[in-house]
Amino acid sequence: MTERQPLLLQSDASDYEGSRGSAARPVRSSPPDNTLVNVHSEDSLAVHAAASGSGDDEIGSTDKSYNPTHHRDLEHPTSNFDTLVHLLKGNIGTGILAMPDAFKNAGLYVGLFGTMIMGAICTHCMHMLVNCSHELCRRFQQPSLDFSEVAYCSFESGPLGLRRYSMLARRIVTTFLFITQIGFCCVYFLFVALNIKDVMDHYYKMPVQIYLLIMLGPMILLNLVRNLKYLTPVSLVAALLTVAGLAITFSYMLVDLPDVHTVKPVATWATLPLYFGTAIYAFEGIGVVLPLENNMRTPEDFGGTTGVLNTGMVIVACLYTAVGFFGYLKYGEHVEGSITLNLPQGDTLSQLVRISMAVAIFLSYTLQFYVPVNIVEPFVRSHFDTTRAKDLSATVLRVVLVTFTFLLATCIPNLGSIISLVGAVSSSALALIAPPIIEVITFYNVGYGRFNWMLWKDVLILIFGLCGFVFGTWASLAQILNDRTH
């Protein structure tokens, strides 16, 4: 296969229209800074699979010398440093500010060691996904694959009984990506409203729903911008405000720290699922791992012991652990769903932190929103014939989706609960459940190593992810329902 596949493809309706034909079209990729994840036409890989003989028992027995990284024709490849920055940006969001609340649900020491263990497991799952992507790229002679395509190809080249589910696997991963990003958008909406309310309550008190309603108009207008390239300065401002806000927040947390005996070392079993949901939500970057690796100038530097992925995730895990540990130690059982809400009310500097973080998250909403709209928009546009109708339908879709996240944020005004729910439902599915399943199916005909260690390891991670999914979702929903009845 010599045609280049798009790496971070910005889909449009033509992709769906083109998929109705008998052959896949080569598509030119847009610049990496213009998109977040690729969403290809559903039939494109099916065509490649058929061309490779996917009906044959010996799929995957193609040229083992094929190196997918040598066939990537990148318009704007990223350096190692650029990739590290993007990886940090993809993982550090509102989740880091919720870590003290997570520690409250786990206990100081359970949270301390649990967060480091969670970070190690999530990082390993990211490596698993990258390794499976490389293996499947060689089998299908493709330069690169995204998350949903890796799921598709693993089933398509897996045991004969599972191949009929390849398209289902792809759609499930795409659905959870959509749910995850919509959940992030709800959290962002509520985070901004709560922090603005906390500032304004010093002068005039209003319900949080009023602030959400005031935000709705500007949020819709901001998300009508379809090309993220024009929002690069906005993204830069958001990053600077986030760094400044975190630095000042640390300055508050580290002053006059109480003794460690003033907080619980271990919490109850009933609240541990809430900790899991918040912690796995915080490690939210698995969706950007493959796009980042696919667009590196030197992708061989992404993995490895001292590679970009390990370096970035060690930084992320250390930041999460530090914020969670010192935030919970400082504010104890009174810690809020976002640590910024615990800063002194009347202090001018703390008010500036709330405002700066609110503005940063408000501006970052567009980046999170781009993923779900990029998944749904091609399907919507494909139902219309004229360009004007397609553009109008895309605009209406954006308004509807932003309004939908507004309504969800209005219905669940507890920030900690919604973060834990999003993490338990969707983040655990993508970060802990999908990778081991994909790895087991991908290497079923290759082998799982001495004594099948890879199989046992994947089964343990899968059980861990499923337990977190079930109990975390149950505990989060129970807390949300409990909050609404009081």
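**Entry 1**

I started with Arg72, which counts as buried at 11% relative accessibility. I take buried as under 20% relative accessible area, exposed as over 50% and partly exposed as in between, with a 1.4 Å probe and protein chains only. I am working on a predicted model, where local features need pLDDT of at least 70, side-chain atom pairs count only at pLDDT 80 or more, and totals for chains, interfaces and linings use all residues. Residues are numbered from 1 along each chain as its sequence is written, and side-chain values use heavy atoms, with hydrogens and water left out.

What does Arg72 form a salt bridge with? Its partner is Glu293, and the closest N and O atoms are 3.5 Å apart. Arg72 sits in the loop between α2 (44-52) and α3 (80-91), and Glu293 in helix α12 (residues 286-294), so the pair ties together parts 221 residues apart in sequence. Helices here are DSSP runs of H or I with at least four residues, numbered from the N terminus. Glu293 is buried too, with a relative accessible area of 1%.

**Entry 2: other salt bridges**

I counted a salt bridge when a side-chain nitrogen of Lys or Arg is within 4 Å of a carboxyl oxygen of Asp or Glu. The count comes to twelve.

I looked up Glu135 next. It forms a salt bridge with Arg139, with the closest N and O atoms 3.0 Å apart.

Then I checked Glu377. It forms a salt bridge with Arg398, the closest N and O atoms being 3.5 Å apart. Glu377 lies in helix α14 and Arg398 in helix α15 (residues 387-411), so this pair ties together parts 21 residues apart in sequence. Glu377 and Arg398 are both buried. Salt bridges that share partners join Glu377, Arg381, Asp391 and Arg398 into one network.

**Entry 3: Ser338**

Where is Ser338 found? I located Ser338 in the loop between α13 (308-331) and α14 (348-381). Ser338 is buried, at a relative accessible area of 1%. Its C-alpha atom is separated by 4.8 Å from that of Ala98, 240 residues apart along the chain. Leaving out residues up to four places away in sequence, Ser338 touches Leu97, Phe191, Asn195 and Leu415. Contact means heavy atoms within 4.5 Å.

**Entry 4: helix α5**

I found helix α5 (residues 99-106) mostly covered, with eight of its eight residues buried. Among them are Met99, Asp101, Phe103 and Lys104. The cover over the buried residues of α5 includes α4 (94-97), α6, α11 (272-282), α13 and α16 (415-442). Gly107 follows α5 and has a positive phi, near 100°.

**Entry 5: aromatic pairs**

I paired rings of Phe, Tyr and Trp (its six-membered ring) if their centres lie within 6.5 Å; planes under 30 degrees apart count as stacked, over 60 as edge-to-face and the rest as tilted. That gives seven aromatic pairs.

Phe325 and Phe326 form an edge-to-face pair, at 5.3 Å centre to centre and 85° between the planes. Phe325 is buried at 15% relative accessibility, and Phe326 is partly exposed at 26%.

Tyr365 and Phe369 form a stacked pair, at 5.8 Å centre to centre and 20° between the planes. They are four residues apart in helix α14, about one helical turn. Tyr365 is buried at 0% relative accessible area, and Phe369 is buried at 1%. I also noted one aromatic cluster, formed by Phe189, Tyr365, Phe369 and Phe406.

Methods. Helix = DSSP H or I, 4+ residues; strand = E, 2+ residues; numbered from the N terminus.
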